[in-house]
Every structure is written in C-alpha cells, then in structure tokens.
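Welcome, and thanks for taking a look at this protein with us. Please open the sequence and the structure side by side before reading on.

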Amino acid sequence: MSQQYVAAIDQGTTSSRCILFDRDGRIVSVDQREHRQIFPQPGWVEHDAEEIWTNVEVVVQQALQKSDITPDQVAAIGITNQRETTVVWDRETGKPVHNAIVWQDTRTNDIVRELGNAGGQDRFREKCGLPLATYFSGPKLRWLLDNVEGLRERAERGEVLFGTMDTWLIWKLTGHHVTDVTNASRTMLMNLHTLEWDPEILDAMGIPAAILPEIRSSSEVYGTARGYLAGTPVASSLGDQHAALFGQTCFDPGDVKGTYGTGTFLVMNTGTEPVTSNNGLLTTLGYKLGDEPAVYALEGSIAVTGSLVQWLRDNLGLISTAPEIETLARTVEDNGGCYIVPAFSGLFAPHWRSDARGVVAGLTGYVNKGHIARAVLEASAWQTREVVDAMNADSQIDLTTLKVDGGMTADNLLMQILSDVLDAEVVRPMVAETTCLGAAYAAGLAVGYWPDVETLRANWHKAAEWTPKMDSEVREREYRNWNKAVERTLGWVEHPDGQ
C-alpha cells in the first residue's frame, strides 16, 4: 500500500491553506491562498464564502500536486477554521444569501446591548460560558435574519442553512449540515452542559432552530468528500484555537497553550467538567473525541500583541521589519520606566472593557526607542500574565509550563521575557503549525491512522525552552507598574447613554 497522509484544511481570517502531514506529525506539503477582506462601512468586516470555497479547492489540489501525492494517498481530511464568522446559504442552490460576517465585525453592537438590557452582559453565561459580545456568531445570525429581506421567513421554512466556516466547508465537501462542539460553543447558542442548541437562548435571540446544523464531536467521520478528493473521509472539525490546543497535545487538565499572532489566545484544558470563570475568561469546549466525554477549556483572548509590533513598524517607523524589534530591544537592559498598554479598540480578557484606549506611560527624557521597543515586547508578556493569573484563580491549578506557537515565538527575547514575567517554563515545539496539526490529529484518530492520543504525545518534540531568570521582587514591582498603566486606559471612551 502506498504511503498515506492526512490533509488539514485551515480556513483562516486572511487566507485558506492545506497542509499534508505524515505519521510522525511532520509537514510534507503546504499550499496557501489569501482572500479579500471586504469593509462595507466602518466596523463592518465581510468575506465572500464562495471565494473562500474556490480557494480551498485550489489549495487542496496544489498541496497534493506539489509533492506528487495522489488523492488515494489521503487517509482523511481535517478542518480547522476562523471561529465565529457567520454564513447563511440556500439549501437548494448552495448560494450564500449574504457575504459572511467576520468575527471582528461590530455591526451587532445594538443587538448585543438590547439583549443585555434583560440580564446584563452575563445573561447567558451560565448556559453558554460566554458574555454578550459582538465577537460571537449568535448576534451575527440574528442581524442577518433581521436585515436580509425575507430571510427570517425562509429560515423558519427550513429553506436556508446557517454555519460557521467549518460547517460551510463540510457541507460543500460532503453535503452534510454539521458542526462540531468547539465551533458550536462559540455561537452563544449551545448549552455547554447538554452540548445541544439551547431552546431558551434561541427564543431570546429570535433564531429558528430549523436553520442550525447538527452538533457532532470534533473527531468522527461526518461524510466522504466529493470532487478532487472523492471518497476521502472528512473526519474532524475544530475551531482554530481548540485545534492548536489539540496539536500541542494539551491532553491533561492544567495544560496551557498560547498562540502568538496578531492577537494572542491562551487556552487551558480544564478536564471533563466546565469551569465557570469568575475572572473574565471564557468557558468553552476544548475538544471531543468520538463518543468520549467532552473536554472543556478556559480561554483568554488578548486583542493586540503582534499587531503592536506592526504599529511600531508601520505607524511610528521605528523599525522597518517586524524581526528588527528584537535587535532594537536588546540595545537596552530594561524598559527605562516606560509601559505600553495597546488597548487600541478596548481590552479583551480579563478586563472586557470596550471603553479603554491605548496608553504609553512613564515617559521621561531618558526613554529612547530601544526602551519603547522593549516596552512593546513586554506588553505581550504582561497581558499574558493577566490571563494566566485569571486561569490559575479559576482552575486552582498553577501554570508551570506554557506551550507556545505562532509567528511571534520566533522572537527569542520575547520568549525569555514571557518566562520571566510568568515565572514559568516557556516551550516552543518543533512543528509550529499546531492549528493544522491538531485538525490532522483529530481526523487521523477518527479513521485509525493514529491509534491513540499517546502516539500523538510521542510525536510532540521540543525545539526550544526558556526558564525564568528575573528576580521575584523585580517581577512584582514591574507588574504593579503595568497595572497602574492599565488603570490609565479605562474610561477613555464615553458612550452616549453613559454605559
């Protein structure tokens, strides 16, 4: 029998790609294609779902052809995706009724505020684990039902289908209308305890159940592909941050991964019972393998980390390429008393303050561009510390090791600063593409390509590690100063109604 591989389709916010993995979890081939970002008005962000599907078809073919791999050598297809992005399409024609509304889109602000009038931001949190926010899919679906002519009536008649991007791709590949528990947990519509759509939330949001996909596990065969990979099992679906948790083999309660990109997402495995956060984190699904119990997680989302480096480059011109920040920051021993809090559009976890705006604090005549560069790197670390402190408090498990991935982890100085401020080991794996790897692993498990999670754990290899070198008194003094800077960001934006 010819060599077999697992294909992972990663449908991201800016591009779609396909990566092929072998049994050792190593990358064999990659292809990637960007799609358009559509901005109809300020605060609105859309994607063309048909363009994305066309790109997915192309990257799958190209990834195989680049390495002379034939479709019959693909044992399974796994899917991972940008979360919360919302698309509705015609059940008969398969045509989207509107552009997909992207997770960053804020047009649902009025809907969210209206829903919050009857119970506040935490109205549904006990059931779905999430605060009311424009981030999640439920309010986006409600907006479409309210604003696309005739759509609500068609939805009630079962003529149209809703999905996040995983559901759209699985439907295009197999004809089955399904999602997995991780993506469903980001809609605000799924009950975390029953793993089913919640009738009371649907009623409060004004969403007919007929439009919703069936909720399945993250690792099972949903159907077989049509088209280029005809007959290949489509066998996993995981939202991107959940897939990274799985790809980092965070299989034990207390395991934490941090993905450092434009923003940063920290996810902690909390075991088979959901942990309600009292400290500003999201309760979500980690993953569910077939008939096994679901594994839950706590998540902390940081809006601005890598994009702060881009701001330093593009808006201030202090560096000409992102990697130069490490060189510039190494020209000084410390931050010179300077702290940067990048609340460009508010603060995410654990604060959830949309009224915050960014500050540069502690400036004196002594501060130079090296200090500013170092303060930019430290901003990612201190924001991580805030989330980790919240995770430790909620889970009552103290972090000892943070597994990291994403583009920013190439910055060795940042990784050392991270270890110093967390007082914990920071570890970077050999395979940095942990999101795709997680989707591949879950699909491979479903079809027996990998026998068990222990095999996956054995595939995980450390590429580099950092241990804390900072004196505890310095760490706590710097954290106090960081918190003083955070306080100065709050209350900057005044809402018309005073909220």
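## Cysteines and disulfides

How many disulfides does a search of the whole structure find? The count is 0, in what is, please keep in mind, a predicted model. As a reminder, a disulfide is a covalent bond between the sulfur atoms of two cysteines.

The cysteine sulfur nearest to that of Cys250 belongs to Cys436 and is 17 Å away. Since a disulfide needs the two sulfur atoms within 2.5 Å, Cys250 is in no disulfide. Cys250 is also buried, because its relative accessibility is 0%. Cys128 has a relative accessibility of 1%, so Cys128 counts as buried too.

## The overall build

Stepping back to the whole protein, you will find 16 helices and 23 strands. The radius of gyration is 22 Å, close to the 23 Å that the globule rule gives for 499 residues, so the protein is as compact as a globular protein of that length. Along the principal axes, its C-alpha trace spans about 65 × 60 × 40 Å.

Of the 499 residues, 60% are buried. Among contacts with a separation of 6 or more, 71% are between residues 24 or more positions apart.

## Surface and charge

## Backbone details to check

Most residues other than glycine have a negative phi, and most peptide bonds are trans. Here are some exceptions you can find in the model. Ala349 and Pro350 are joined by a cis peptide bond, with omega at about -5°. Pro350 sits in the loop between β19 (339-341) and β20 (359-361).

Gln396 is not a glycine, yet it has a positive phi of about 60°.

## Pro468 and its contacts

Asp423 comes up again when we turn to Pro468. Which residues does Pro468 contact, leaving aside its neighbours within four places in sequence? They are Gln416, Ser419, Asp420, Asp423, Ala424 and Arg475. Take Ser419: 49 residues separate it from Pro468 in sequence, while their C-alpha atoms are 5.0 Å apart in space.

Pro468 itself is in the loop between β23 (462-466) and α16 (472-487). With 32% relative accessibility, Pro468 counts as partly exposed.

## One more loop: Thr321

Where is Thr321 placed? Look in the loop between α10 (306-314) and α11 (324-329). Is Thr321 buried or partly exposed? Its relative accessibility of 36% lies between the 20% and 50% cut-offs, so Thr321 counts as partly exposed. Thr321 and Val309 are 12 residues apart in sequence, and the distance between their C-alpha atoms is 9.2 Å.

Methods: Residues are numbered from 1 along each chain as its sequence is written. This is a predicted model: local features need pLDDT of at least 70, side-chain atom pairs count only at pLDDT 80 or more; totals for chains, interfaces and linings use all residues. Side-chain values use heavy atoms; hydrogens and water are left out. Helices (H or I, at least four residues) and strands (E, at least two) are DSSP runs, numbered from the N terminus. The radius of gyration is taken over C-alpha atoms; the globule rule is 2.2 Å times the number of residues to the power 0.38. Buried means under 20% relative accessible area, exposed over 50%, partly exposed in between (1.4 Å probe, protein chains only). Contact means heavy atoms within 4.5 Å.
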